[in-house]
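Please walk me through this structure, helix by helix and then loop by loop. Keep it brisk.

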Amino acid sequence: MQRVLSFEQTPPLNVPLRFFLSAPLFALAASLVLLWHGDSALTSRWNPSVLAMTHLLTLGFLGLCMIGAVLQILPVIAGVEVPKPRTTASWVHGLLSLGAVFLASGFLAEQRWLFAAALLLLGAAFLVFLGACRVGLKGVESENSTLKAVRLALLALAATVVLGLALGSTFAGPLALPVLMLTDLHAAWGLAGWLGLLVVAVAFQVVPMFQVTEIYPRAIARWLALAIFVVLGIVSIAMAVSPQTRQLAESASALAALLYAVFGIITWRLIWKRKRPKSEPTTFFWYTGLASLVAASLLFALAYAYPALRASPAYPLFLGVLFVIGFGYSVVNGMLYKIVPFLVWYHLQDRMFDAGLKAPNVRQVISEDASRWQFIAHALALALLLAALIWPQHLARAAALCFFISSFWLWINLLGAAKVYRTCLAKAGAPS
Amino acid sequence: MEEQIDIDVCGLEPPEPLERVLEALSTLKPGQCLRMLIDREPRPLYGILERNHFAYEPHLRDDYLYEIHIRHKP
């Protein structure tokens, strides 16, 4: 596998940056929900507070970061120009942010009109985003493994959105649907599909590039994302067909979990075995994310073998915290510390070199100290959140407070990067 | 005979490869050729080279490394 990353067609800085800068606000909102409701918020996966927090994190924090990343990487890895990048970014960003707020409020206030508004806003946001990606990707050959996996991630997102809209319409109106099955499928496509596959796709590029490791084994780069996608397809069909094929659905789900465990272990090994190991905060975020991914996969496979485990109300919450915060939040948080300084540096050096000036070093854009301390806060928040599932009365609010501090710190660090950009641009005498 | 300056930026974390080559370019004299070895195609560099009157020839080697020859435009 060849490395392919070109920054020639980088979109304007504000296209990805608006997503990255506003994403932490949704994590802050999620931590406030937990702080407010305390242990009563952690009783089951169907608790309205859990549903609100889940969607603030998945649609708000992760969704915004992932969409910003896709708009950034499509031009860079594939020369794909999304139509009107600035306008598309503004609309998707506005509709998705507002939609996530309405949906979370809908769960908390249990008001139909809030769900109806959320459905319209989120439906429109994803229609614009997926439509723009479809137009940009039309006729483009998937010559590299990242682009192939990004396409599959986008298909998984489309499935998640359709299932989510169907579920939302049961809250907004009197529609009768098999809610349990649709919820499981919605979560499977959203987490093991869209989130997992996009991380896999991006990891193929950024792990060798920013962690300076060997490239992924050819077979993994070529087949892993497709295998996961096909297995998710089998799970969905088996679940939808009849109760008789339930066993097949469960076996296929366990297989998907094992495929993610393989990805986690291989990526861990690549980072661990690199020639010049230099651990910095992003490396620790990767290790935390990969350990959580492997733990979530093993927990899932274990529950397949021991159905009694699945009956516990804490089981889906453990799985959710491990996958959404332990894996998704950690790797996204870590990657933000590479990608935001790199983009700021790139856009600055391009303009400052032309003006005969030297751009600041990437480590001056966000300092390693700042990101290291935020990592410690994040790791502590994750540990407390997991512990709060065992001792909710004692730890739910402490976990919420720690998660608030960590997310606020991330936000401050990212705002600092944007400030460096504006200050340097002013020095170079260029319009921002 | 053209003087050749070699710079190997393989295995360095971005943006160090680009920083090093920009550093080397700032002292490159007419008649000299900068030969850069890198493990991915440095597309970000091309726009900068073009705007600053440098000519460049990229070659993909059999070992998947890229060798870029950079000179001042005549």
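**A walk through the model**

At the start of H2(A), Asn47(A) places a side-chain oxygen within 2.9 Å of the backbone nitrogen of Ser49(A). This is a predicted model, in which local features need pLDDT of at least 70, side-chain atom pairs count only at pLDDT 80 or more, and totals for chains, interfaces and linings use all residues. Residues are numbered from 1 along each chain as its sequence is written, chains are lettered from A and ligands numbered from 1 in the order written, and side-chain values use heavy atoms, without hydrogens and water.

Stay with H2(A), residues 48-78. Helices are DSSP runs of H or I with at least four residues, strands are E runs of at least two, and both are numbered from the N terminus. H2(A) bends by about 40 degrees at Gly63(A). That bend is the angle between axes fitted to the seven residues ending there and the seven starting there. Of the 31 residues of H2(A), 26 are buried (under 20% relative accessible area; exposed is over 50%, partly exposed in between, with a 1.4 Å probe and protein chains only). Just after H2(A), Gly79(A) has a positive phi of about 65 degrees.

Now the helix pairs. Two packed helices are described by the angle between their axes and the distance between the axes. H5 (145-172) and H6 (179-210) of chain A pack at about 155 degrees, with axes 8 Å apart. Therefore H5(A) is roughly antiparallel to H6(A) (an angle over 145 degrees). Their contact holds 20 nonpolar, ten polar and no charged residues. Here Ala, Val, Leu, Ile, Met, Phe, Trp, Tyr, Cys and Pro count as nonpolar, Asp, Glu, Lys and Arg as charged, and the others, Gly among them, as polar.

H13 (368-390) and H14 (392-428) of chain A also pack at about 155 degrees, with axes 8 Å apart. H13(A) and H14(A) are therefore roughly antiparallel. Their contact has 20 nonpolar, five polar and no charged residues.

Leu224(A) lies in helix H7 (218-241) of chain A. Leu224(A) is buried, at 4% relative accessible area.

Finally, the loops. Glu110(A) sits between helices H3 (85-109) and H4 (112-137) of chain A. Its phi is near 50 degrees, a positive value in a residue other than glycine. Glu110(A) is exposed, at 58% relative accessibility. In chain B, Pro14(B) and Pro15(B) are joined by a cis peptide bond, with omega about 5 degrees. Pro15(B) is in the loop between strand E1 (3-8) and helix H1 (16-25) of chain B.

How values were computed: Axes are lines fitted to C-alpha atoms, for helices over the stretch in contact, and angles run from 0 to 180 degrees between N-to-C directions. Angles under 35 degrees count as roughly parallel, over 145 as roughly antiparallel, 65 to 115 as roughly perpendicular and the rest as oblique. A polar contact is a pair of N or O atoms within 3.5 Å; within protein, one must be able to donate a hydrogen and the other to accept it, and residues adjacent in sequence count only if both atoms are side-chain atoms.
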